[in-house]
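Please look through the sequence and the model before reading on.

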Amino acid sequence: MTTQVAAQDRGDGDPTRAHTGSRATRGLGLVVLAGLVALVLLAFFAAPPDDEQGDAVRLIFIHVPSAILTYVAFFTTAAGSAMWLWKRSSWWDITAHAAAEIGVMFCALTLFTGSIWGRPTWNTYWDWGDVRLVTTLILFLLMVGYLVVRSSGGDDPAVSTRAAIVGLLAAINIPIVNRSVEWWFDRTLHQKASLTDGKLEDLTLFTLVFGLVVGLLFFVWAMIHRFRVGWLEHQARAEDLDEALEARRSEAAAAGSSASGGEA
Amino acid sequence: MTTESNLTPQDPRPTRQRRRVIPLVAAGALVAGVMLLIWNLVSGSLYFYNADEAVARRSELGAERFVLQGSPIGCSIVESALGSETVVAFSLSFGGRTVDVVHRGDPADLFQPDVPVVLDGNWVEGSPEVEGFAGMAGDGWYFASDRMRVKHDNDYRNDEDYEQRLQQSEAQAATGGCS
């Protein structure tokens, strides 16, 4: 499979000049930055406070998009893992790895913002009895486990296979996390989904959807860059292997010719 | 390149050792994670008893600590003090049953009428001795709580009458208007 990587085209053979940016990604990055500024203004100044929660509700504009993007990222990892196991395609393997790293970041952000939102609203940072909270933490730990497995060896196909199995097992937990507040609706501290239940309106709804769009654009931007880094690493290792094989062949050839020369 | 072979036994390469250990640690963590998940899903179904279930299981629960959930009844809320400690007494309801509660300590920031609370504590036989509190359960038991969480809902639509309703509820509580 051929993949266009900006760094290949722009490096001009000099690895110190290699980078993963392109005109499109720089444009996308600027859009994300502008979106983040607009999101901060909307979330902290324009959107109204909640009747019950007051200003604490503003955390919803970070927490909910982070949670949704966690699902998107880990589903991407699961899809990439399945495709690796089926097709043995490095493209999918690198996609799965890139999505897992970004997903772990979003999942950490979800847990962190949920925790600091919980203190003024629930009166606690954390509750071990709550299914939504604990299943989310388990999802986070499983995906950290995925990254630990990946860290055990660069391009080793066996490592990719082990990681793919972990990625697929972790994905089983995603619908459990998402549906837990419905399945245990009268047994959880965590409230049910607001976005799909139509419990948001006007500027609050707009800001949340806007935050989700900005988050998605950031996810795409980060995926492109992380994928390109992974692809370059993959190619560099392949080139190193080719060079090493070539060197061994040359040495063997040289040793063979000197041996035959000595016999003669 | 030398043509002599070095047959001296070598120490195992640390990278290979590390590569064998990491999958084992990861596999152990994975098994632990899945077990924790299953435990959480099973125990999650018993995280708290709603007020009607707690009343039905009173004899079974005895003095055992458990978690109770229900909605505070606005007109029953009385804030008092026992020594230097703040005490909040109120009645809560769920599933058509009412439970009297005495909570020791400051109430949660969002504690208010009709917003469900999740409380840690145990059943106590007798009447709550909090000045000004007339429990609505009237069954000779109350729930002694020492930890309160607020279980707010998922509705973020602002209610134009919210402030008015809150003031009415507070005024009703101040006059002991539970009748």
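The model is a predicted one. Chain B has four helices and seven strands, and its contact with chain A takes 36 residues from chain B and 44 residues from chain A.

**Chain B**

- Read from the N terminus, the elements of chain B follow the order α-β-α-α-β-β-β-β-β-β-α.
- Chain B has 179 residues, of which 31% count as buried.
- Among contacts in chain B with a separation of 6 or more, 64% are between residues 24 or more positions apart.

**The contact between the chains**

- On the side of chain B that touches chain A, at least two residues each come from α1 (14-44) and β7 (141-150) of chain B.
- The largest share of that side, 12 residues, is supplied by α1(B).
- Sorted by class, the side of chain B that touches chain A holds 20 nonpolar, eight polar and eight charged residues.

- Helix α2 of chain A covers residues 23-46, 24 residues in number; at 1.5 Å a residue it should span 34 Å, and its end C-alpha atoms are 33 Å apart, which agrees.
- Buried residues in α2(A) include A:Leu39, A:Leu42 and A:Ala43.
- After α3(A) comes A:Arg88, which has a positive phi, near 55°.

**A:Ala164 in helix α6 of chain A**

- A:Ala164 lies in helix α6 (residues 157-183) of chain A.
- A:Ala164 has 26 other C-beta atoms within 10 Å; the cut-off for a buried residue is 20 or more, so A:Ala164 is buried.
- With neighbours within four places in sequence left aside, A:Ala164 is in contact with A:Ser81, A:Trp84, A:Leu85 and A:Ala96.
- A:Gly80 is 84 residues away from A:Ala164 in sequence, yet their C-alpha atoms are 7.9 Å apart in space.

**The pair α5 and α6 of chain A**

- Two packed helices are described by the angle between their axes and the distance between the axes.
- For α5(A) and α6(A), the axes come within 9 Å and cross at roughly 170°.
- Angles over 145 degrees count as roughly antiparallel, and α5(A) and α6(A) are therefore roughly antiparallel to each other.
- Residues of α5(A) that meet α6(A) include A:Leu139, A:Leu142, A:Met143 and A:Tyr146, while those on the α6(A) side include A:Val166, A:Ala170 and A:Ile174.
- By class, the contact of α5(A) with α6(A) comprises 15 nonpolar, six polar and three charged residues.

**Nonpolar cores**

- The largest nonpolar core has 55 residues, and the members that touch the most others are A:Leu139, A:Leu142, A:Met143, A:Tyr146, A:Val166 and A:Ala170.
- At least two residues of this core come from each of α2, α3, α4 (90-122), α5 (131-150), α6 and α7 (202-263) of chain A, and likewise from α1 of chain B.
- Apart from neighbours within four places in sequence, A:Val166 is in contact with A:Leu142, A:Gly145, A:Tyr146 and A:Val149, and also with B:Ala26 and B:Leu30.
- A second, separate core has 32 residues, among them B:Tyr47, B:Ala51, B:Val67 and B:Met148.

Terms used
Residues numbered from 1 in each chain as written. Chains lettered and ligands numbered in written order. Predicted model: local features only at pLDDT ≥ 70, side-chain atom pairs only at ≥ 80, totals over all residues. Contact = placed C-beta atoms within 7 Å. Nonpolar A, V, L, I, M, F, W, Y, C, P; charged D, E, K, R; others polar. Buried ≥ 20, exposed ≤ 12 C-beta atoms within 10 Å, placed from the backbone. Expected span 1.5 Å × (residues − 1). Core = buried A, V, L, I, M, F, W, Y, C linked by C-beta atoms within 7 Å. Axes fitted to C-alpha atoms, helices over the stretch in contact; angles between N-to-C directions. Parallel < 35°, antiparallel > 145°, perpendicular 65-115°, else oblique.
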